[in-house]
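Trainee: I have a structure open and some questions about it. Can we go through a few parts?
Mentor: Go ahead.

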Amino acid sequence: MNQDTIFAPATPPGKSAIAVIRISGNDAFIVMTRIFRPLRKKTDLLKSASHQVHLGSLYHGEVLIDKVLVSLFKAPHSYTGENIAEISVHGSMFIVQKVLELLSSEGLRMARPGEFTLRAFLNGKFDLSQAEAVADLIASNSDASHALALTQMRGGFSSRLKELRQKLVDFASLIELELDFSEEDVEFANRKQLNELLETIKSEVNKLASSFARGNVLKHGIPVAIIGKPNVGKSTLLNAILNEEKALVSEVAGTTRDAVEDVMVIGGIAFRFIDTAGLRSTRDFVENLGIGKTYEKMNQAQVILYVVDISTTSAEEIKQELQDFAEHIEHGKKRFIIIANKTDLLFETPHNFAELVEMETIFISARRNENIQLITESLLKSADVEKYDDNATVSNARHYEALTAIITSIENIEHGFLAGLPSDLISTDLHLALHHLGTITGEVSTEELLDNVFSKFCIGK
Ligand code: GDP
């Protein structure tokens with residue numbers, strides 16, 4: 001299917017100690033024999049063992065490009081399952097460009113995004129959910145997202161799906177058995193047994209599907225909104241929080257271009273301060289944000305930091321504002337924390353504030369950097385850290401959608417049973433459930449599905 005040999009830079013553009021260009025396909029080694037002169041004259045690349053590194057010089061015709069290292073991985077013992085050669089050159093964009101031109105002139109083709117991983121998938125190196133985990137792993141920016149991606153890549157999730165598929169297949173064979181005997185009007189399979197099996201399957205799928213809310217948050221970070229009136233100190237607070245934790249992660253260019261967000265990792269969990277652009281730009285813009293925008297922001301968040309200037313705002317006023325908010329926030333598991341800022345302008349903290357406001361309140365001075373750590377500690381409480389290390393956390397929206405479709409099919413089967421539908425109708429829903437399960441692992445795949453998944457990868461992966 002993939003007869004052509006492809007190449008791509010495997011390292012990002014820019015100056016670096018080393019840059020790697022990767023070549024995969026039937027001709028990978030043959031091309032190397034034409035453009036690479038090993039230091040040890042006796043070396044024969046075509047006869048070299050797999051997983052060997054060779055030192056030598058790379059030439060375009062008679063023009064020396066660089067002194068390089070070439071690593072060889074022989075099919076099928078490589079990432080893609082094909083012959084792979086990786087050329088490590090000095091990390092100059094000019095040299096990389098020269099190598100790419102050279103490989104192109106040798107008749108090889110530049111790889112599309114994710115094409116190496118696509119080939120690995122097509123060659124059975126791993127299933128689709130594992131391939132997707134490779135992209136997640138590269139994008140991971142916290143202990144939690146890293147652990148999730150690793151588990152999925154190593155097949156933890158896949159083996160859960162395999163068990164599930166087996167149960168569905170068992171169920172199918174019980175139903176088919178009944179189908180075969182329907183002529184004689186025998187209800188062969190015991191409906192009670194079938195129902196029990198279906199219950200187990202359903203609760204398993206439900207468990208996976210319901211883990212998505214959490215998995216999604218662990219993968220992308222917990223969304224936090226900082227809101228409040230102009231001049232209460234929101235941007236000062238944001239800067240203070242981000243400075244508190246040195247492990248500031250800037251979003252990798254190209255992954256989430258549209259969302260300019262500040263991400264901070266506390267205790268291995270990423271927190272994503274949503275829509276901070278307004279806090280960073282000019283006064284006018286902040287003033288123009290408007291109340292509608294604020295509600296929108298609150299509804300995107302899981303944790304809301306509501307900043308007030310405690311030196312000019314009374315507990316009664318805060319209480320009134322909270323009531324206004326309450327009408328506009330969707331109900332759910334949001335945390336709302338009042339940040340009473342500018343305590344440095346107070347002689348004493350207002351007494352009976354807690355009784356009046358009845359909501360978690362943290363008194364700080366953003367300008368003086370006082371009590372900022374109380375906020376970060378409180379944020380970590382939102383994360384529920386312990387539970388993410390099992391194999392059953394779904395963090396991929398595509399998988400979640402498939403699981404939801406499976407649940408629908410199972411519910412249809414249940415209804416079918418209750419309505420006394422004939423087994424062949426029930427078996428249609430069953431095959432639908434198996435189909436959706438297959439799209440997660442890629443057992444069932446279309447070109448469109450694969451394009452969709454792999455186009456999100458970077459070039460060279
Ligand atoms: P924003 O409009 O809510 O983003 O408010 P800013 O962060 O821009 O702050 C508005 C003004 O309040 C600035 O002059 C800040 O220096 C000041 N400010 C912020 N935090 C504090 C604080 O804790 N104490 C005092 N005294 N002033 C503060």
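Mentor: One term to begin: two strands pair if DSSP finds at least two bridges between them. Helices (H or I, at least four residues) and strands (E, at least two) are DSSP runs, numbered from the N terminus. This is a predicted model, where local features need pLDDT of at least 70, side-chain atom pairs count only at pLDDT 80 or more, and totals for chains, interfaces and linings use all residues. Residues are numbered from 1 along each chain as its sequence is written, and side-chain values use heavy atoms, leaving out hydrogens and water.

Trainee: Which residue stands opposite Ile304 in β12?
Mentor: Ala225 does. Strand β8 (residues 222–227) pairs with β12 in the parallel sense, over four bridges.

Trainee: And how many bridges are there between β12 and β13?
Mentor: Seven, also in the parallel sense. Leu305 stands opposite Ile337 in β13.

Trainee: Is β12 (residues 303–309) mostly covered or uncovered?
Mentor: Mostly covered: seven of its seven residues are buried. Buried means under 20% relative accessible area, exposed over 50%, partly exposed in between (1.4 Å probe, protein chains only).

Trainee: New topic. What kind of aromatic pair do Phe353 and Phe363 form?
Mentor: Rings of Phe, Tyr and Trp (its six-membered ring) pair if their centres lie within 6.5 Å; planes under 30 degrees apart count as stacked, over 60 as edge-to-face and the rest as tilted. The count comes to seven aromatic pairs. Phe353 and Phe363 are edge-to-face, 5.4 Å centre to centre with 70° between the planes. Phe353 lies in helix α14 and Phe363 in strand β14, so the pair ties together parts 10 residues apart in sequence.
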